Amino acid sequence: MAFSHDLEEESSSPPLVFHVRRSEPELVAPAKPTPRETKLLSDIDTQAGLRTQIPIIQFYRNDPSMAGKDPVEAIRHALAETLVFYYPLAGRIKDGPDGSLVVDCNEEGVMFIEADADVTLHQFGHTLKPPFPCFQQLLYQPPGSEAVTHTPLFIIQVTRLKCGGFILALRFNHAIVDGVGLIQFTITMAGIARGVFQEPPFKPVWRRDLLSARDPPRVTFNHREYEQLTDSNDAVLESFEQRSFFFGPAETAAIRALLPHDLDQHTTTFEVLTSYVWRCRTRALQINPDEDVRMMCIVDARDKFKSSLLTGYYGSCFAFPAAVAAAGELCSEPLEYAVRLIQKARGEVSEEYVHSVADLMVSSGRPLFTVVRSCLVLDTTEAGFRDLDFGWGKALYGGMAVAGAGMFPAVNFHVPSQNAKGEEGILVLVSLPSQVMKIFANELDDNLVQNNTTI
C-alpha cells in the first residue's frame, strides 16, 4: 500500500484542461399542475448544519444502442415528470417563524443546464475519482444561487462528451432532502427516462411533522455532536486540499489485521476505515494530546422508527452521534479503541435519539454541529448512485463530487469505486489543509508498516 506515493504521482501529472460550452440555465417545472401550498420543514431539516448545498456527479459511457437519442432531452423530460410527484422540490424555501423554514410550492422549477465539452471519458484517466478536473464547468452554479432561501432547490447540468458519453452533475439543497431522499428522487427520474416507470416505485412521503420537536421539548440524550467549543489553536490554516484514497481488498484486510479476531468479526468495513482514518487524521493534524477530537458518523434513522411512513420519506432523517476521545489517547491506543468508540456512538441512534435532536434544535436555537477538532463521515457505498441508469447503462462513477459540505471542509465520504486493476473497493474522499495532506497520506502508510503488516 502506498497512499503517499499515489499522492506524489497525482500532484506531478499535468492537470486535464478542457472547455465546456453551455446553454443559458432554464427552469424545468413539473409536467402537470401541482398543489400550490406552503409546507413546513422539520426541525431536523432546518438545523444550521443542513442549510447548505451538496454536489453529486455521474459519469456515463457511450452506448451504441442509444444512437440518435439525446441524454439531455431524456433527462429534462424525466425531470419534469418526476417533479409532478416531488412537487415541493420545484418550489422555493423561505424563512418561517422562530428560525424555521418553509417551502413555497409555487412550481417555479428546478434549474437545468445543457452543455457540451470537448473532452472524452478516456481523457479523465483509468480511474474516475474526485477531485475532478474543471468541476466548476461541469456543474455551473450561478452567482447568488448558493443561498438556501429564494433559490432553485436543485441545479442539474447534463454535459455531452466528444466520445458520446455524458456527465450528469447536480446540486441539491440539503434543507429539503437528504441522501436517501435524493436517491428515491433520482431512481424515479432514471426509471422514467428509460421508460420503465410512469410513477415512483415508492410513494413519496412529506410528513415533516414526524420529525418536528415535541411540545414541550424533551432533550433526553447528551448530544456531544452539538457542543459549542472554542478552538485553542490560534494558527491560521490557509487553503484546503481535496484527495481520494482507495481502499481495496488488500488495504482493508491489512487494517483489519490490526484488530483482535473477535472484534474483527463484528466490525463493518465502514467502522474499520473510519476508525483508521480518524486516528491517522488526528496524528497528521498534530492536535494537543489533552484536547478532545470527534468523529461524527451519519446514521440513517428510517429503520429506527415504528412508523412505516418513513419508508418513502425524503426529508432529512438521520443523526450524527459523536465518538469523542482525547487526541493523545486516540493516537496511542490500539485501533480497537477507536473502533469501539465508533460502534458505541453509532449504536445510540434510535427513534428517541432523533426526537431528542429535534427538541434540542428548538430549545437551543438550532445550533451548528461541533466544528472544532471534528470530522463528519458518511458511508454512500450502498446508496446506489452507480446503479442509476438513464438508458445508457450504469454510471462509471456515481456519487459525491467533493469532500466537505458547504463551509465545513472536514466531511469525509465513502464512495464505491474500482482501481486501475478493476478491483472493487472504497474511495474515501478527504479534505485537509494542504500542508497536512501529505503527512496524512504518510500516516496511512506508516501505521501499517509499524505494525509489520505488508500488502
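Predicted model: local features only at pLDDT ≥ 70, side-chain atom pairs only at ≥ 80, totals over all residues.
**Cysteines, salt bridges and a buried strand**

The cysteine sulfur closest to that of Cys331 belongs to Cys280, and at 8.8 Å it sits too far off for a bond. For a disulfide, the two cysteine sulfur atoms would have to be within 2.5 Å. By this rule, the count of disulfides is zero. Cys280 is in none either, as its nearest cysteine sulfur is the one in Cys331, 8.8 Å away.

Residues are numbered from 1 along each chain as its sequence is written, and side-chain values use heavy atoms, leaving out hydrogens and water.

Back to the two cysteines: are they buried or exposed? Residues are called buried under 20% relative accessible area, exposed over 50%, and partly exposed in between, using a 1.4 Å probe and protein chains only. Cys280 is buried because its relative accessibility is 0%. Cys331 has 15% relative accessibility, so Cys331 is buried as well.

Next come the charged side chains. Opposite charges on side chains can pair up when the charged atoms come close. A salt bridge here puts a side-chain nitrogen of Lys or Arg within 4 Å of a carboxyl oxygen of Asp or Glu, and the structure has 28 of them. One of them joins Glu37 to Lys39, with 3.4 Å between the closest N and O atoms. Glu37 is partly exposed, at 30% relative accessible area, whereas Lys39 is buried, at 17%.

Other salt bridges reach across the sequence. To place them, helices (H or I, at least four residues) and strands (E, at least two) are taken as DSSP runs and numbered from the N terminus. Arg224 and Asp292 meet in a salt bridge, with 3.4 Å from N to O. Arg224 is in the loop between helix H4 (179-194) and strand E10 (240-247), and Asp292 is in strand E11 (residues 292-297), so this pair ties together parts 68 residues apart in sequence. Both ends are partly exposed: Arg224 has 28% relative accessibility and Asp292 has 29%.

Glu291 and Arg373 make another such link, their closest N and O atoms being 3.6 Å apart. Glu291 belongs to the loop between helix H7 (269-285) and E11, and Arg373 to the loop between helix H10 (351-363) and strand E15 (374-379), so the bridge connects parts 82 residues apart in sequence. Glu291 and Arg373 are both buried. Salt bridges can also link up into a network, and one of these brings together Arg21, Glu26, Asp70, Glu73, Arg76, Glu114, Asp116 and Arg160.

Finally, there is strand E6. Five of the five residues in E6 (residues 101-105) are buried, so the strand is largely enclosed by the rest of the structure. In a regular strand, side chains alternate between the two faces of the sheet. In E6, Leu101, Val103 and Cys105 point one way, Val102 and Asp104 point the other way, and all are buried.

E6 also has partner strands, where pairing needs at least two bridges found by DSSP between two strands. Strand E3 (residues 37-40) pairs antiparallel with E6 over four bridges, and Thr38 has Asp104 as its bridge partner there. Strand E5 (residues 92-95) runs antiparallel to E6 too, joined by four bridges, with Ile93 partnered by Val103. E5 and E6 form a hairpin with five residues between them, and Asp98 in the turn has a positive phi of about 55°.
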